[in-house]
Each structure stands twice: as C-alpha cells, then as structure tokens.
Amino acid sequence: MKQFIIGMALTLTCFSYSQTCTFTFLGELSDFHDGTLISSATIHIKEIDKYVVSDFDGKFKIENLCSGTITLTISHVGCETKTVSYQLDNDMFKKIYLEHHLEELNEVTVSTNLKTESTSIEQSINKSVIENYSDKSLGDALNSLSGVSSLNTGNTIVKPMIHGLHSSRLLIINNNVRMYDQEWGDEHAPNIDINSSGKVVVVKGANTLRYGSDAIGGLILVQPQRYAAVDSLFGSSMLSLNSNGFGGNINSEIIKTYKSGFYGRLQASYKKFGDFKAPDYYLTNSGLKNLNASARIGYRSFEKGFDAYYSVVDNEIGILQSSHIGNVGDLVAAINRTEPRVIDDFSYNIDYPKQNILHHLAKIEAYKRFKNLGKLTVQYDLQINRRKEFDLRRGDLSDTPVIDLRLFTNALQSNLHMDFIEGLKLDIGALVRFQQNDAVSGTGVSPLIPDFKKFEASIYTIGNYNLNASSKINAGVRYDYSRIEADKRYNLTDWNETYNYDELFPEFETNTIENTSILTNPEFTYHNISANLGYSKQFESDLSVFANYGLATRVPNPSELFSDGLHHSAARIETGLLTLYKERAHKFAASIERNNEDFGFSISPYFKYIKDYMQLIPVGITTTIRGAFPVWEYNQINAQILGVDIDVTKKITNRLNYVGNLSLLRGQNLSDDIPLIHMPATNLTNSISYYNDELNQLTMRLIHKTVLQQKRYPDYNFYTYEPILQEDVYVDISSTTPAYSLFSFNSSMSFKAFKTGSLKLEFNVENIFNTNYRNNLNRLRYYADELGRNFNIKIKINY
C-alpha cells in the first residue's frame with residue numbers, strides 16, 4: 001500500500017509538471033525610435049538561469065517554461081540594458097523595445113568630444129580637473145579655460161566672465177536649475193560648491209535658448225555625475241591643506257547605485273581659511289568659512305526616471321579691512337600707498353566688513369518616454385537666497401547688516417524631446433517662474449534694492465537636423481514674457497527734478513509722501529524674442545567647423561532699474577534708471593577644431609554687437625553724512641566686443657604633453673568712441689605635463705600664465721576736494737595694472753591602499769616665485785597685492 005501511494009504521488013507530480021511547464025515565450029526586439037530590428041542581443045532568463053540570443057530578425061524563443069513570473073534581462077552593444085517581467089499563464093508573444101541610439105548613452109559615457117548641442121562652441125572641465133580646485137571657487141576653476149576670466153573682490157569672491165561679460169549676461173545652470181543669488185553685484189560670486197559637481201561646461205556660442213534668452217556672454221552648465229546601473233557602494237574623501245591662509249577643505253561623498261536603476265548620493269564639504277598673505281604682508285580680514293552639503297536620489301531607466309536634488313551653501317567671507325573707506329580721501333590715500341592701510345598679524349577671525357550668504361536649492365525632475373514621440377521631462381525647482389553685508393558700524397547697529405536681502409525663486413518647466421523622425425530632433429519647452437525679493441527691515445539704512453516681485457513665462461522650440469553624415473544644423477526661437485512690480489521710495493527732488501520721473505511715470509506715484517520722500521510702485525512689462533542658428537561640419541582629417549549666430553535679449557534687472565544709495569561693500573553710491581531699455585545683442589561665433597591625440601587645436605573667433613548695452617560707470621562724487629563717495633550710475637550705450645580664443649595640445653612623447661591657450665579681446669563703447677570698462681587683457685597660458693602610468697600614475701605639470709597690461713580703458717578719473725590738504729586732488733580709478741607672469745607646479749601619485757580602494761597624493765605650488773602683482777579685474781587692486789606663494793597638499797581616498 002505504501003509503495004502504491006508513493007507511486008501515485010510521483011505520477012501526479014510528473015503529470016502536474018508536464019501540464020504547467022510546456023509554455024513558450026516568443027519575443028521580438030526592436031528600436032524604440034524607428035522600429036529597427038535588433039539582432040544578436042543576449043537575453044538572460046533569471047528563473048532558469050538560461051541565455052538565448054536574438055536572431056537576424058530580432059526574434060528569440062524560450063521553450064518549456066512553467067507558469068508564473070518570467071524575468072528577462074536584455075543586453076546589446078550600443079543599447080541600454082533592460083530588465084522586464086511578465087506573468088506567464090499561457091504561450092506568450094511580446095514585442096520589446098530597446099534604445100539603440102548611441103548618443104542617448106552620453107549620460108554614462110566619458111568623452112571630451114561630447115557637446116550639449118551638435119553645433120555648440122564650448123569647453124568643459126571634467127571631474128579630475130574639478131578636484132584640483134576643491135578648496136577654491138567655480139570662478140577659479142573656469143579661469144583655466146581660454147576666453148574665461150573673472151571679476152574679483154579679493155581672492156575669495158570670484159565672479160566668472162566669458163568674453164568680458166558677467167552677472168546677468170551670464171547664465172549659470174546648476175543641476176538644470178538656473179541660479180538666482182543676487183548676481184547683479186560686482187562682488188557677488190555664484191553660491192555653488194564645486195565639489196558637488198561632476199562636470200562643468202562653458203558654452204561660448206549661441207546655443208543657449210533652452211536655458212534663457214539673455215545669455216549675451218554665454219552659459220555655464222554645472223552638471224552632476226552619471227552612474228551606471230549596477231549594484232555598488234562607493235565614495236571618496238579628500239583633504240586639502242594650504243600654507244597660504246593656513247587652511248583648507250575637506251570633502252566627502254558616498255554613492256549607492258542599484259542594478260534596477262535607483263541611485264543615491266550624499267556629499268558635504270567644509271572650508272576654512274584665515275588671513276591670506278601677499279608676498280610682503282598679511283591681508284587682514286581676508287579669511288572665509290564655507291559649509292556646503294548636497295543630497296541626491298533618483299531612478300534612471302531608458303523609458304522613465306526621476307531625479308531629486310537638494311543643496312545648501314553657507315558662506316562667511318571676510319572683506320579686506322583696508323578696502324573699507326569712509327570717503328574719497330581714503331580712496332586717494334589707498335591708491336597712493338604701496339601697502340594696505342591695515343596690516344595685522346595672522347588671524348582666523350572674520351571681522352567687519354564681511355558677507356554672510358545662505359543659499360538653498362531644491363529640485364525634482366521626472367521624465368517619461370513615449371513610443372513614436374519622444375521624451376517628456378517636467379521639473380520644479382526652488383531657491384532661497386539670504387544675503388547679508390556687514391559694514392564697520394558703531395553703537396547699537398554694530399552687529400546689524402547694512403544690506404539684508406532675501407530672494408525667493410521657484411520655477412516649473414517642461415521639455416519635450418522628439419526624435420521619432422530620422423535625422424531630426426526637436427525640443428519644445430515651456431517655463432513659468434515667480435521671484436520675490438524682500439529688503440529685510442531693521443538695517444537702519446534705506447535698502448539699496450527694494451522689495452519687488454517678478455513674473456516670467458517662456459516658450460521655445462529648438463531643432464537639430466542632420467543634413468548628411470557629416471553636416472548638421474541647429475535652429476531655435478524663444479519667446480519670453482516678464483513683469484516686474486516694485487515698492488520703492490524716492491527722494492522728492494530726485495523724482496521731480498533730477499530725473500523728471502513725475503512726468504515720465506506719473507502712473508507709478510501713490511501720493512504717499514513722508515517728509516522728503518515719495519512712495520512709488522514701478523511696474524514694467526517686457527516681451528522678448530530670441531533666436532539662434534548653428535552649423536557644424538565634420539571632415540575626415542579630424543577637423544570640425546562650427547558656426548553659429550544668436551539674437552539675445554536681456555531686460556534690465558532690478559539693480560539696474562532701482563539701485564539707489566550707498567553700496568557699502570563697494571564703497572560707492574549706485575544709482576539705477578527707470579528709463580533703461582532692454583538690451584539686444586547679435587552674437588556671431590565660429591570655431592575650427594582638430595581633435596587628435598597627437599596634435600589638436602581650436603581657433604574660435606567671435607563678434608558681439610549689443611544695442612542699448614547697460615553699464616555702471618563712475619560719474620562724479622557726492623557727500624553724505626559718512627563722507628564723500630564716488631557716484632556710479634547706470635546708463636546705456638551701443639557696444640561691440642570682438643576677439644579670438646586659441647587652444648593647442650601637442651603630444652611631445654608618450655609621456656610628455658603640451659597644452660597652451662591664448663585669449664585676445666577688444667571691447668568698444670561705440671556711442672562715446674571709447675573702450676568699454678572692465679574688459680580683460682590679453683592673456684596666455686602654457687603647460688608641460690609628464691605622465692608615467694607604470695610609476696603609480698605619476699603626474700607632474702608646470703604651468704606658466706602671463707597677463708598683459710590692458711592698454712585700452714576708458715578714462716573716468718576725477719578731481720575732488722581734500723579737506724585735510726585744503727586742495728583738489730586727482731583720483732585715478734581708471735589706470736590699469738602692469739603685466740605679470742606666474743608659474744605653478746602640480747604633481748600627483750596614486751597607490752592601491754586596500755582591496756577595493758586607492759589613495760591619491762598631490763603636491764602643488766602656486767606663484768612659485770612669490771611674485772608681487774595686481775589683477776586689473778580685482779575690485780581691491782587699489783588696496784593690496786594679490787596672493788603670494790602657496791604650498792598645497794591633497795590626500796584623496798577612493799573607497
């Protein structure tokens with residue numbers, strides 16, 4: 001009986017198995033975009049650990065399957081690996097779509113030849129170069145590129161310039177979010193922690209419509225790292241120590257990725273420096289403290305995904321004590337001194353004057369691909385910027401900022417990338433943005449920038465078309481609507497007599513008059529059209545030609561319209577104008593490039609004509625209860641800027657390489673037939689590097705940089721009465737600084753520290769010969785020399 005029962009059980013089991021494990025799965029693989037069949041793809045069946053390969057027609061068959069879940073992982077050269085699951089209760093046929101366009105894999109491909117647009121004229125800085133500037137700023141890193149310079153306030157506030165243009169004419173995009181951090185000020189640097197980025201791209205041409213219509217200078221894209229879809233946990237920590245300033249930076253990050261496509265990243269850095277040192281003296285009150293952190297989570301597959309990002313940047317920046325002037329007499333004395341007025345011993349103390357800036361940035365982005373259409377992306381982002389500027393004050397207001405601004409910005413944007421037509425790609429996008437600025441009360445002074453609200457809405461379309469296998473064109477058009485509403489008090493004399501606003505803008509008056517001031521509600525509405533056209537041609541001899549034209553339009557920013565009063569950190573009276581028109585710029589750029597490992601180069605000429613160019617220039621002096629100060633006023637002129645950027649790379653031997661670049665620029669005020677103010681001088685950089693992979697990846701590099709004297713500058717010098725001397729004195733604020741040359745040295749070695757990690761050591765020297773020099777584009781050049789020699793050690797652990 002026992003044997004009979006066992007036999008029956010075995011028979012039933014076999015019967016059951018034969019009934020449920022006879023299913024067949026038929027599959028067909030094709031391209032998501034154009035339906036092209038994909039052959040020779042590998043399909044792994046998880047449940048039975050079996051592999052099959054698709055045939056010439058993209059088809060594959062899996063037989064003898066049981067009922068239940070079947071999980072397929074499909075991989076193919078040139079495709080993104082895809083995992084799909086199905087519930088199998090019968091024979092089944094499925095058509096499975098893969099992404100078979102190599103250009104879609106740019107997000108995980110490392111290549112110096114990839115461009116944001118096929119016709120762009122651009123340069124980029126990769127992760128390894130970014131790490132060289134881990135204890136410096138974004139502006140310092142970008143200074144290594146041709147055509148890029150900076151407008152500095154000391155050595156810690158570095159404002160990027162592209163082809164002589166900065167601030168509102170320069171778009172800075174951080175993780176696909178346009179930065180708004182009171183960028184109108186000459187001494188306002190971008191609040192970006194360079195350690196949180198994976199790559200920085202500078203677009204010099206006209207391919208900027210996706211991000212805004214006002215990129216007259218250019219575009220800076222700070223991009224995150226892309227991670228492969230594998231199960232992994234890794235990270236790094238870097239410590240950087242400097243002799244100049246006796247400080248440094250520590251940065252750590254940890255990344256977790258999953259084969260399913262999920263990923264997460266945490267990053268934080270802390271930077272601290274005391275007083276920096278010129279070759280002959282300490283720069284009193286020039287230290288800084290930075291605390292930065294970022295977090296990122298997301299999911300990425302070919303068909304859908306999302307990315308959430310948050311960062312906080314907390315900066316405390318000392319302003320050189322000697323740059324604090326109480327009147328024009330102090331300015332004259334500073335210009336005539338060879339050393340700063342205040343020279344104290346080294347200290348980590350950050351006293352007044354100083355800046356405190358806290359910047360929050362958050363975004364959530366999601367995308368979905370639709371068959372026979374394309375990829376739809378939607379993003380919401382939020383920024384909160386709080387800027388406090390402290391002056392030397394006495395009494396109860398000694399710890400109260402003279403400028404306290406809180407800027408709130410949020411935006412919703414979408415982009416539809418259509419690629420279902422062979423050879424043609426279209427992007428259609430829309431954006432709405434709301435911005436509110438609060439001039440926080442209690443400072444004891446009239447706000448330099450008033451309360452305002454700004455509304456923006458934009459739509460654009462951009463097309464990329466392949467003329468043939470080697471030629472492409474790019475064209476786009478963008479419409480922007482913007483409206484500014486402000487609440488501002490004006491001095492009655494200025495409103496009625498000096499600027500005649502009572503007749504020009506009677507609709508702004510509220511009839512609320514207190515003492516000698518009138519409350520007004522200025523409102524401005526703008527409609528802008530911008531466009532671009534680009535062309536690229538690839539030749540067989542590694543040569544490429546790029547050319548593009550752009551029409552850019554920029555509306556006046558609130559500073560240009562409403563500034564009214566003493567800008568304490570700049571030690572000058574700044575006055576805006578309500579009669580300013582919007583700028584219109586015609587940008588022409590071209591580039592011939594040779595991408596070759598043995599010898600490469602790029603020659604990139606450009607020309608910009610800017611109608612109604614807004615500039616801030618000195619127009620005289622005025623006396624306040626604080627003393628006599630220069631008056632700087634906004635006005636409008638027609639301007640042109642032309643120049644050329646030249647880059648050369650040469651492989652000397654298998655281990656020796658040369659890199660050089662040269663930037664030439666000429667800016668002209670056409671209306672007054674004089675040079676433009678604040679234009680960078682001709683500069684060139686040369687470097688020789690040695691690399692030995694067999695000797696622990698030893699790298700050594702010697703860099704030489706020369707900046708010539710700017711001989712073309714406008715003469716805005718003036719005379720002022722000096723009460724101590726009882727005579728008029730000549731104030732030379734225009735003459736430029738002499739030429740200078742600097743030498744630097746970089747070196748590094750890598751070691752296998754443990755089973756899955758590595759240790760990288762760096763030793764660097766800046767300003768090797770401790771050269772005394774002053775940078776003409778440094779606002780503090782009147783008061784002190786630039787930094788002297790600095791020894792730097794970096795220790796990085798990858799784990």
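Helices (H or I, at least four residues) and strands (E, at least two) are taken as DSSP runs and numbered from the N terminus. The model is predicted, and local features accordingly require pLDDT of at least 70, side-chain atom pairs count only at pLDDT 80 or more, and totals for chains, interfaces and linings use all residues. Residues are numbered from 1 along each chain as its sequence is written, and side-chain values use heavy atoms, with hydrogens and water left out.

Glu 131 is placed in helix H2, which spans residues 127–132. With a relative accessibility of 12%, Glu 131 counts as buried, where buried denotes under 20% relative accessible area, exposed over 50%, and partly exposed the range in between (1.4 Å probe, protein chains only). Apart from neighbours within four places in sequence, Glu 131 is in contact (heavy atoms within 4.5 Å) with Met 238, Lys 794 and Lys 796.

Asp 381 is buried but has no salt bridge, the nearest side chain of opposite charge being that of Arg 433, 5.6 Å away. In this assignment Lys and Arg count as positive and Asp and Glu as negative, while His and the chain ends are not counted. A salt bridge requires a side-chain nitrogen of Lys or Arg within 4 Å of a carboxyl oxygen of Asp or Glu. The side chain of Asp 381 does form a polar contact of 3.1 Å with that of Gln 379. Such a contact is a pair of N or O atoms within 3.5 Å; within protein, one atom must be able to donate a hydrogen and the other to accept it, and residues adjacent in sequence count only if both atoms are side-chain atoms. Beyond four places in sequence, the contacts of Asp 381 are Val 177, Ala 362, Lys 363, Thr 409, Asn 410, Ala 411 and Gln 413.

The structure holds 30 salt bridges. In one of them, Arg 169 pairs with Glu 583, with the closest N and O atoms 2.6 Å apart. Arg 169 lies in the loop between strands S10 (157–162) and S11 (170–174) and Glu 583 in strand S32 (residues 583–594), so the pair ties together parts that are 414 residues apart in sequence. Arg 169 is buried at 7% relative accessibility, and Glu 583 is likewise buried, at 0%. Asp 214 and Arg 178 form another salt bridge, at a closest N to O distance of 2.9 Å. This pair links distant parts of the chain, 36 residues apart: Asp 214 is in the loop between strands S13 (199–203) and S14 (218–223), and Arg 178 is in strand S12 (residues 177–178). Both Asp 214 and Arg 178 are buried.

The salt bridge between Glu 597 and Lys 651 has its closest N and O atoms 3.8 Å apart. Glu 597, in the loop between S32 and S33, and Lys 651, in strand S34, are separated by 54 residues. Glu 597 is exposed at 68% relative accessibility, whereas Lys 651 is partly exposed at 22%. Salt bridges that share partners also join Arg 169, Arg 554, Glu 560 and Glu 583 into one network.

The count of disulfides, defined as pairs of cysteine sulfur atoms within 2.5 Å, comes to 1. This disulfide joins Cys 21 to Cys 66, with an S to S distance of 1.9 Å. The torsion about the S-S bond is about 95 degrees, and the disulfide is therefore right-handed. Cys 21 occupies the loop between helix H1 (2–20) and strand S1 (23–31), and Cys 66 that between strands S4 (59–65) and S5 (68–75), so the pair ties together parts 45 residues apart in sequence. Cys 21 is buried, with a relative accessible area of 8%, while Cys 66 is partly exposed, at 37%.

A nonpolar core is a set of buried Ala, Val, Leu, Ile, Met, Phe, Trp, Tyr and Cys residues joined through side-chain atoms within 4.5 Å. The largest such core has 53 residues, of which Phe 524, Phe 562, Leu 578 and Tyr 783 touch the most other members. Helix H4 gives the most to this core, with 4 residues. Outside four places in sequence, the contacts of Phe 524 include Phe 505, Phe 508, Leu 561, Phe 562 and Leu 578.

As to backbone geometry, a cis peptide bond joins Tyr 352 and Pro 353, with omega about 5 degrees.
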